[in-house]
Amino acid sequence: MHSQAQNKLPNTSKKANIPKKVNNEAGLAIINSKAPYSSHYGKDALDVALIFGSYEQKVSLFFQGDGVHQLIAKQDTSLLSIKDYLKTFAAFEFYDIEHVYACQQSLLTRKLEPSFHITDVQVLSTTEFSAALNQHQHVLRF
Amino acid sequence: MNTLAVVITTPPYSPLTATAVNYVETALEAGIKLVGVFFYQDGAMHANGHISIATDEYQAIFHWQRLQQKYSVPLHVCATAAEKRGVILGELTDEVVNKSFTVSGLGELVELTSKASRLVQF
C-alpha cells in the first residue's frame, strides 16, 4: 500500500529506506499538533521520537496545526522559565530521524513565511502530507 | 495473526478511557493478540493505586485491572511520566503503584510497536 503512496511523492521517496525485516515496515509517524510552550505535548513527542531513533526504528515527524510553531527557528524560552527542548531538534540527524514534514496549509493559515523554519524540514501540500503519513505503519498524535 | 498495541495518553477520568477499555475487550474477544498497553503522558495516572473515582462515574482503573486479570494483558506505565505525576516515589513506589501495572521505560513502547501490526492511541 505504501509503495503506491510513495510513487505519488517525488519529494519524499528519495531517501526512503524501508527495512524489510521489521514488522513496522515504514515505521512510526508522530504528528505534532500543539504549540510548543503551553503544554508538554511537544516534549513528550520528542522523547518518543528520540527513543525510536536510538533503537534504530524508522520514525518521521509531522507538524500540523499549531504544531508548526515548534519548527520556528531561534526561539528564546529564557523569558518563560521553560527548558528549551526545541534545541534538541538539531540532533535529529544523529538519531537518524531524516523525515520532518510541515503542513503548508497550516503555515499559510498562521501567516508563517516559507523560510520560517529550522533546517531540514520539508514543507508539503495537504495531499502530499497525508500521502506521506499514509506510508507509515503506525501513527501517534501529540 | 493480527497483533495490537494500545497507547493511553489520557487520564483515568477521561471519557476516552471507557472507549479504550471497550475497544480492547472487543479486540480480545475477537481473538486479536494484544501485545500490551502503554500508559504515557496523563495516562500514567492510571497506575496510581490511590486514585479514587466517584462511584457513579466510570471505574477506568478497575476495568483495566479486570482485563489484566482475565486476559493477562501487560499494562506498562512510562516511568518518567509516572514520576512527574507522583506515581513513583522512591522507596514508597511499591505502596503507590497499582500492582496490575509494570513500570517500564519508553523502550517498551518501541518493543510493543515493533511487535504490533496496529497501534491505537486513546
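In chain B, five strands form an open sheet in the order E4-E3-E2-E1-E5, and their pairing is parallel. The edges of this sheet are taken by strand E4 (102–104) and strand E5 (118–121) of chain B; each has a single partner strand, so one side of each is left without a neighbour in the sheet. On average, and with direction ignored, neighbouring strands are turned by 25 degrees against each other. The model described here is predicted.

Within the sheet of chain B, strand E1 (residues 3–8) pairs with E5(B) in the parallel sense, over four bridges. In this pairing, Val7(B) stands opposite Gln121(B) of E5(B). Helix H5(B) packs on the sheet, where it touches E1, strand E2 (33–39), strand E3 (75–78), E4 and E5 of chain B. The direction of H5(B) makes about 155 degrees with that of E2(B).

Helix H1 (residues 16–29) of chain B contains Val24(B). Val24(B) counts as buried because it has 23 C-beta neighbours inside 10 Å, the cut-off for burial being 20 or more. When neighbours within four places in sequence are left aside, the contacts of Val24(B) are Val6(B), Leu34(B), Val37(B) and Leu67(B). Gln41(B), by comparison, is 17 residues from Val24(B) in sequence and 19 Å from Val24(B) in space, taken from C-alpha to C-alpha.

Chain A comprises four helices and five strands, which follow one another from the N terminus as α-β-α-β-β-α-β-α-β. Of the 142 residues in chain A, 40% are buried. Among the contacts of chain A with a separation of 6 or more, 76% join residues 24 or more positions apart.

The five strands of the sheet in chain A are arranged in the order E4-E3-E2-E1-E5, in an open sheet with parallel pairing. Strand E4 (122–124) and E5 of chain A are the edge strands, each pairing on one side only.

Strand E1(A) is largely enclosed by the rest of the structure, because five of its five residues are buried. Burial extends to both faces of E1(A), with Leu28(A), Ile30(A) and Asn32(A) on one side and Ala29(A) and Ile31(A) on the other. E1(A) pairs in the parallel sense with E2(A) over five bridges and with E5(A) over four bridges. Ile30(A) has Leu61(A) as its bridge partner in E2(A) and stands opposite Leu140(A) in E5(A). The bridge partner of Ala29(A) in E5(A) is Val139(A).

E1(A) and E2(A) pair in parallel over five bridges, and the chain passes from E1(A) through H2(A) to E2(A) in a right-handed β-α-β crossover. H2(A), residues 41–54, has 14 residues and spans 20 Å from its first C-alpha to its last, close to the 20 Å expected at 1.5 Å a residue. The helix lies across E1, E2 and E5 of chain A and runs at about 165 degrees to E1(A). Just after H2(A), Glu56(A) adopts a positive phi of about 55 degrees.

H2(A) is mostly covered, with ten of its 14 residues buried. The buried residues are Tyr41(A), Gly42(A), Asp44(A), Ala45(A), Leu46(A), Asp47(A), Val48(A), Ala49(A), Phe52(A) and Gly53(A). Their cover includes strand E1 (28–32), strand E2 (59–63) and strand E5 (138–141) of chain A, together with helix H5 (106–115) of chain B.

The contact between the chains takes 14 residues from chain A and 13 residues from chain B. On the side of chain A that touches chain B, the elements giving two or more residues are H2 and E5 of chain A. The largest share of that side, five residues, is contributed by H2(A). By class, the side of chain A that touches chain B has seven nonpolar, four polar and three charged residues.

Notes: Residues are numbered from 1 along each chain as its sequence is written. Chains are lettered from A and ligands numbered from 1 in the order in which they are written. This is a predicted model: local features need pLDDT of at least 70, side-chain atom pairs count only at pLDDT 80 or more; totals for chains, interfaces and linings use all residues. The expected span of a helix is 1.5 Å times one less than its number of residues. A residue is buried if 20 or more other C-beta atoms lie within 10 Å of its own, exposed if 12 or fewer, and partly exposed in between; C-beta atoms are placed from the backbone. Two residues are in contact if their C-beta atoms, placed from the backbone, lie within 7 Å. Two strands pair if DSSP finds at least two bridges between them. A crossover is right-handed if, with the strands pointing away from the viewer, the path from the first strand over the helix to the second runs clockwise. Axes are lines fitted to C-alpha atoms, for helices over the stretch in contact, and angles run from 0 to 180 degrees between N-to-C directions. Ala, Val, Leu, Ile, Met, Phe, Trp, Tyr, Cys and Pro count as nonpolar, Asp, Glu, Lys and Arg as charged, and the others, Gly among them, as polar.
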